[in-house]
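Please consult the sequence and the structure shown here while reading.

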Amino acid sequence: MGDLERLAGRACAGHASPRDLIAIAEGLKKLPKLKSIIEQFNYELPLWTNKLKKIGFVFPTIISKNAFVSKYSKIEEGSIVFGNTIIAPNAYIKKNCIINNGAIIEHDSLIEENCHISTGAIINGNVKVCRNSFIGSGT
C-alpha cells in the first residue's frame, strides 16, 4: 500500500515524482478494502466486566505521579497513564485505555475506548484514535 503519509507530504510540498503520484493513487484504491477488513473487528470487553460493574465494582483510573496530565483533560475509568507521559489540555481519554511510558497526547485529541498507546508514541493535536486501536512505539 505504500507510505501514504510520506507520499502525501511530498505531494503537498510539491516534490512528488510521477512514481509517487501513481503510488498514492494505487494506495487510495485499496482503502475501501482495508476499511471493510477493519470493520470486521468489533472487540468488546469480556462479559465478566459487566458482571463486576453490576455489583458495584469501579475500575480505577491509575495515573503515575511522573506523568503530566493537564487539569483541562479528561481520563475515564479503567485507564492507566504511565510515567513520563504528557496529556495536554482538552485531551479526552475514554474507558480502559493504556497510555504507556513517554507517550504524548496533544491538545484536543480523543482516544476512544480500549486503546493502547505505546511507549513514545505521539498523538498530535485534534486527532481521533478509534476504539480498540493499538498505536505502536515511536509513531
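## Overview

The model is predicted. Across the whole structure, a search finds five salt bridges.

## Lys 53 and its partners

Lys 53 forms a salt bridge with Glu 77, with an N to O distance of 2.7 Å. This pair links distant parts of the chain, 24 residues apart: Lys 53 belongs to helix H3 (residues 47-54), whereas Glu 77 sits in the loop between strand E3 (74-75) and strand E4 (80-81).

The contact is part of a network of salt bridges that links Lys 53, Glu 77 and Lys 95.

## A pair within helix H2

Glu 26 and Lys 29 form a salt bridge whose closest N and O atoms are 3.3 Å apart. Both residues lie in helix H2 (residues 18-39), with a separation of three residues, about one turn of the helix. Lys 29 counts as exposed at 59% relative accessibility, while Glu 26, at 37%, counts as partly exposed.

## A pair between two loops

A salt bridge also joins the side chains of Glu 113 and Arg 131, at 3.8 Å from N to O. Here too, distant parts of the chain are linked, 18 residues apart: Glu 113 is in the loop between strand E9 (110-111) and strand E10 (116-117), and Arg 131 is in the loop between strand E12 (128-129) and strand E13 (134-135).

Glu 113 is partly exposed, with a relative accessible area of 22%. Arg 131 counts as partly exposed at 31% relative accessibility.

Definitions and conventions:
Residues numbered from 1 in each chain as written. Predicted model: local features only at pLDDT ≥ 70, side-chain atom pairs only at ≥ 80, totals over all residues. Heavy atoms only, no water. Salt bridge = Lys/Arg side-chain N within 4 Å of Asp/Glu carboxyl O. Helix = DSSP H or I, 4+ residues; strand = E, 2+ residues; numbered from the N terminus. Buried < 20%, exposed > 50% of the residue type's maximum accessible area, 1.4 Å probe, protein only.
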